[in-house]
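User: I would like to go through this model term by term. Please set each value against its definition.

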Amino acid sequence: MIELKLPGNEFVGSVPRTLANLSNLQNLDLRDNNNLVANGLEWLSHLSNLRYLGLSNVNLSRVVDWPSSISRIPSLLELYLDVCRLPQVNPKSISHLNSSTSLQIISFTSNELDSSILSWVLNVSKVFTSLDLSHNSLHSVPDGFANITLCQVKRLSLSHNKLSGQLSDYLPESCSAQHDLEELDLSHNPFSSGPLPDFSWFSSLKRLSLEYTNVVGQLSISFDHLRSLEDLDVSHNQLSGPIPYTIGQLSNLTHLYLCSNKLNGSISEAHLSGLSRLKTLDVSRNSLSFNLDPNWVPPFQLGWLSASSCILGPQFPTWLKYQRKLRVLQISNTGIKDSFPKWFWNISSTLSYLNVSHNKLSGVLPKSSESIKTEHT
């Protein structure tokens, strides 16, 4: 047998140690069997051909020596131990591990692990390309961690932890190799207040998530060096000043979240005309004003627009009539003093949520809006 895939069943009891007899096994997937418990994992060392191990949502709280057991699987490439109640790593035991794995993908989300896990990660493999330690209790990273990880990984998530210090401390000082990083998520960490670091050398970056990271100052990302960027989230920070026009150069941008900052100034065609792939735009709870020509035809089709507490009025924004895929429209408190235009009923058929409250709108909503969750005052 080469593969044993049994995810999402209702198995009860202990993970059988007799799985060690499947010496040719390459893929073992027992994820999402919430009533399974492992009393030990030492039998994994007999599976010398194992390349994929998925035990997410299996109870591993009794397996104190799990780092040693994992370190002895020589062919292992992918490891998923999310929501496993993993015991903490003993730092004193790491130096004694003779790790020989070829791990490329490591995922340990939602285990309440402290920063000791990072020493094990650096010990267990030098070739990993994806590391997910989100929703844990990391409070710091070892010296050199950023230089080692961000100069080789494609995906890194340390979100929802307890990381402190400056956000820039978690980025490498330099990278001699090519910068292959595609996804970086440092969101929801209590960093000290500081400016946005320089991400310009990560030219392959596709997703950057920095919400709730205490970023202050200008939105000073060098967008002309980040042409691959698809998702950008810097919401819920203290960014101030205008949105730079260079954001319009991000032709691959699909999702843009700038909400809950202190941004001001206007949004013009120069900001938006180059964003032909844009599907999500959230600039709500800023002091921004949309200054768009009434005859402007957007190059994108939004599914989500949130601009609450910005200025879109006094007329109902006519550029919205070209949006045929809107599911969520939140334009409350946007200074609109107008009636619903007739063309609005054409776009309302796709809406599942509409918030136009705290404006001075007149007229009636269409019958098609009866199935929409609506806030209208």
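Analyst: In the protein chain, 59% of the contacts between residues at least 6 apart in sequence join residues at least 24 apart. Contact means heavy atoms within 4.5 Å. This is a predicted model: local features need pLDDT of at least 70, side-chain atom pairs count only at pLDDT 80 or more, and totals for chains, interfaces and linings use all residues. Residues are numbered from 1 along each chain as its sequence is written, and side-chain values use heavy atoms, with hydrogens and water left out.

User: What makes up the secondary structure of the protein chain?

Analyst: The protein chain has 6 helices and 24 strands. Helices (H or I, at least four residues) and strands (E, at least two) are DSSP runs, numbered from the N terminus. Along the principal axes, the C-alpha atoms fill a box of roughly 70 × 45 × 30 Å.

User: Why is Cys 84 called buried?

Analyst: Buried means under 20% relative accessible area, exposed over 50%, and partly exposed in between (1.4 Å probe, protein chains only). Cys 84 has a relative accessible area of 0%, so Cys 84 is buried. Buried residues make up 50% of the 377 residues in the protein chain.

User: How many disulfides does a search of the whole structure find?

Analyst: The search finds 0. A disulfide is a pair of cysteine sulfur atoms within 2.5 Å. For Cys 310, the nearest cysteine sulfur is that of Cys 259, 10.0 Å away, and Cys 310 is in no disulfide. Cys 310 counts as buried because its relative accessibility is 0%.

User: Why does Asn 59 count as buried?

Analyst: Its relative accessibility is 12%, under the 20% limit, so Asn 59 counts as buried. Asn 59 sits in the loop between strand S5 (52–54) and H1. Leaving out residues up to four places away in sequence, Asn 59 touches Leu 36, Val 37, Ala 38, Cys 84 and Arg 85.

User: Which residues touch the most other members of the largest nonpolar core?

Analyst: They are Leu 53, Leu 60, Trp 66, Phe 108, Ile 117, Trp 120 and Leu 184, in a core of 109 residues. Elements giving two or more residues to this core are helix H1 (66–71), helix H3 (116–124), strand S16 (262–267), strand S18 (287–290) and helix H6 (344–347). H3 gives the largest share, 6 residues. A nonpolar core is a set of buried Ala, Val, Leu, Ile, Met, Phe, Trp, Tyr and Cys residues joined through side-chain atoms within 4.5 Å.

User: How do you know that H3 is mostly covered?

Analyst: Of its 9 residues, 7 are buried. These are Ser 116, Ile 117, Leu 118, Trp 120, Val 121, Leu 122 and Val 124. The buried residues of H3 pack against H1, strand S6 (78–80), helix H2 (91–94), strand S7 (105–107), strand S8 (130–132) and helix H4 (145–149).

User: Why is Phe 290 called buried?

Analyst: Phe 290 has a relative accessible area of 9%, under the 20% limit, so Phe 290 is buried. Phe 290 lies in strand S18. Beyond its neighbours within four places in sequence, Phe 290 is in contact with Ile 267, Val 283, Ala 307, Cys 310, Ile 311, Leu 312 and Trp 319.

User: Where is Phe 290 relative to Leu 118?

Analyst: Their C-alpha atoms are separated by 45 Å, and the two residues are 172 residues apart along the chain.
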